[in-house]
Amino acid sequence: MFMAYLLRCLFRLLEVQNLEKSESAYFEKLRRVKKFAPLQELFRPISEGICAEFFSAIEGSQGCLEYIAWGSLTTLLLDVFRAREPHDFSCLDQILDLFLQFQGSTSLLQELIVALSCMSKAAPLVLTECPYSGSYPFLALACHLLRCKDVMHLWWNSEDFAFSFEGFLTRKIPNKQDLQCLIPSVWWPGSSEDEVSMTLTMKTLSDAIKKIEEMHRELCSMVICFVPPVSPPQPPGSVFRSFVQSSILKARGGDHRMAVNGTFNNTVLVSLYTVILHLLSEGFSMDYSGSPSSSKVNCGNGVGFLHKGGKRKFPAQLLFRNDAYYSVIPRIGGSPNSLMYYQVDAVEDDVQWDEGCMDDEETRVTHTTAQKPCCCSVTDATVGIRYKENTKYVPSTSKGPCKPMPERSAHVAAECSGRSLGDEIEDKPSTSTQSEIEYGYQGLHNLENMPIATQSSLEALKEEELLDVMLLLYHLGISPNFRQAFYFMSQQSQSISLLEETDRQIREKSCAEQVRRLKEARNSYHEDLVDCIRHCVWYRATLFSSWKQRGMYATCMWVVELLLVLSESKTIFQYVPEFYVESLVDCFHALRRSDPPFVSPAVFLKQGLASFVTLVVKHFDDTRIVNPDLKDLLLQSISVLVQYKEFMHVFENNQEAINGLPRSLLSAFDNRSWIPVTNILFRFCKGSGFASSKNAESSSSATFQVLLTETCIHEQELFFSFLNRLFNTLSWTMTEFSMSIREMQDKHQVADLQQRKCSVIFDISCSLARILEFCTREIPCAFLMGPDMNLRRLTELVVFILNHIISAADAEFFDMTLRRPEQHQEKTNRTMILAPLVGIILNLMECSSTSEHRELNDVIAVFASMDCPATIHFGLQYLLSYNWSNVLRGDTSLAKLAQLEEFSRYFQRITMSVEGEEELNLSTGDEEDDTCCICYSCDSDATFQPCHHRSCFGCISRHLLNSQRCFFCNAVVTSVTRIGDS
């Protein structure tokens, strides 16, 4: 084609011109030519003549513009610019200056940018071409072209501005085959593969992704600095703001299954988040002069917005926006429509506070204190060494040491130490239940015609607004990626365990058929493991780079303080978007679970995020938070953190947790939140019961045991309400567990899902039983003094659990149903549920024997009054004959078993005397039958008002805890009268 030939001629002309450069690759080759005409004076007219012919041919040919831009022109510019560093900027600038002299260059350059965008979107990473692979060559070429103001104006005026910008920020997600090519060698501890090969592969991929992210930052910084030539004039950042809002509306429209213009790739949100995080964390300037050296990232003072100490502020008006971008986002206090009916007090323009104001002065860690936060405490040299060490892949199941991530560069640490704050730059799965809303967005090429919804749209883009946008981008784009990454990490650990177990079975089996089946299963496990490791390497290269973790940690510090300050205001706090809390919690746990770890657990909370504990404890039962899922998120965070000894120490030293956590937990034990509350209370009480290990005792919390006991004693009504729910819940879990066991016994097989269900329910039941044991040890008066209803319900529950455990026909089958693949047998046997039952009985007996009070409920009498003495006796004998040797050691433990044996003998004597009295009563011919028709064990000594039905006082008292209606006629019971009292 003639036009392609002209472009090749232009390229040859540039090659000849480069002869005068000593570093030219063609100089040595063409120096042997004896004579050639000098090009100093001839280059300009010859090149202009070629371009004139080129644009004339384009004008005379219909429909060839797109073909030329996507083909010959792109190839020419990539050859001139060079795909790898060092790039030839001068030759590219010469071609660009030549093209801009002709009128036909406008549409050609616009089509060229679209072509580069689409090629960037589809370009795959190639391991042998890294780090200059994937979309890097197209991004680098586009960024240099767009440094020219005329080209930037042409791009902005094109109809495809948003489409091409989106294409530049799109990343190609590798599939299974792509990962196999990118990561050909896979290693894990115990494998025979080459560890060094995978280490180098991971470093190469990280370098390639780093190059692409640098180009994304450069492109976005130019768009941020771009001032559109419109009237009225728009401030810097207005184009970037509109594009981000449009991208978010597209993503949310996709979440609501709405029709949007074109398709939207989630990786755009990931790229935007990465760009904004770097700008806020590492610092940037908004100067733009159009020169090649300008519009670069990190041209600021070296201290990012997130790392500035001292005074902080946040514009409260950001929370009260009502534009299309913000009006559909659910808030902490409810939907925006519901909040319209609340009276809003006068709100200041900025909410201001001092960094660290929510922490105690003794433990305060800020950017201006001597002890720096985790994100600002190491030097660049340490960062480099740390990066080299962490490129070595170590799965979470290995026993290698955990090394902290690099937190901050040296110049930032020095700036923080010197308390140089710098001037602020002024020119710069939702859980909503709302119905679907029509999202509308417009093209960005016609910015002057876009309606301005709020005053903030007329202002320059500020860092606080970028922080607001970044949190939403994390919620929509980054959070799903972290969930996927941790899923593969978890699967990797399980696959390694399954592979090792299968290898062991193959070595032990002698039957050829069994060995063949095990080898087939091993091949499947091996394939799954290799796929998981490749995904883990990919996510580690894309998500867990050191600067991102530093930025995420600083973001968590900033947002925690912001939410705590806003919570002091009743009205403003209700308008905080839900994604602030969701993104904060998810980002916090992503850092906590990162592999390799960001920092050691001992300093993760103490050096910067101690206030996170204050936030979750203060607001997991906050009535101002309408969405229960949000409360569950905060409660789950507490449940996870208290499982670790290092984090438990932070809770024990947190004033908010000391003052209100025990009471809030007792109140939150309801039908929705009982599982996380159970986990927390069990963690507090762990190691304090019968047959508990020393390891469990060392990891418990004596502080919260005391606080929990004091709360139960001083707030008796709350404690009795909690006890009632605890009895009901434990009874339900044991019933579900028994039914699942019986179902598997009937089918004579153990299904994976059913086994997992049994194991989970059994663990929860054991935790509930341990909590009940703690209550009988620390607050025995709740059972032994006053009405005997609590004691009766407790004894019934003990007998109920014993009966379910003993009734299992096959003990080996019972234990097998509880065992998970990664757990040892000794951790999943009946001891876990039998030990707290023994502890409950012994605690009640010990308190009865040592108490000075005379009016105590007789524990043995209550057991004896139950209509199943044979079952109770058999259960006690089973407990005495059970093999406790693995968990009991020393004379103290033997003495406890002796107490249980004494209790069994005394119970047997009591039951024999009761049976004798019953036989005597039958022989006298007493035919009066006034037995309670609910329990058939006590006399009907209570009358209900107003219906006058009767039952025993214990049955009606227990029933009224959960329902206010009569057993028999469903009437509302207004009062209960004991017959003896009347």
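Author: What follows goes through a few local features, one at a time. This is a predicted model: local features need pLDDT of at least 70, side-chain atom pairs count only at pLDDT 80 or more, and totals for chains, interfaces and linings use all residues. Residues are numbered from 1 along each chain as its sequence is written, and side-chain values use heavy atoms, with hydrogens and water left out.

Reader: Ok. Where is serine 594?

Author: Serine 594 sits in the loop between α21 (578-592) and α22 (601-604). Helices (H or I, at least four residues) and strands (E, at least two) are DSSP runs, numbered from the N terminus.

Reader: Is serine 594 buried or exposed?

Author: Serine 594 counts as buried, because its relative accessibility is 5%. Buried means under 20% relative accessible area, exposed over 50%, and partly exposed in between (1.4 Å probe, protein chains only).

Reader: And what is serine 594 in contact with, leaving aside its neighbours within four places in sequence?

Author: Phe486, Phe544 and Gln549. Contact means heavy atoms within 4.5 Å.

Reader: New topic. How do α6 and α9 cross?

Author: The axes of α6 (residues 105-122) and α9 (residues 161-169) come within 7 Å and cross at roughly 35°. Axes here are lines fitted to C-alpha atoms, for helices over the stretch in contact, and angles run from 0 to 180 degrees between N-to-C directions.

Reader: Which residues meet there?

Author: From α6, Ile113, Val114, Leu116, Ser117, Cys118, Ser120 and Lys121. They meet Phe163, Ser164, Gly167 and Phe168 in α9.

Reader: Where is proline 946?

Author: In the loop between β3 (942-945) and β4 (950-951). Histidine 948 is found in that loop between β3 and β4 too, and has a positive phi of about 65° although it is not a glycine.

Reader: Is histidine 948 buried or exposed?

Author: Histidine 948 is exposed, with a relative accessible area of 52%.

Reader: What about arginine 82?

Author: Arginine 82 also has a positive phi, about 75°. Its place is the loop between α4 (65-81) and α5 (89-100), and at 39% relative accessibility it counts as partly exposed.
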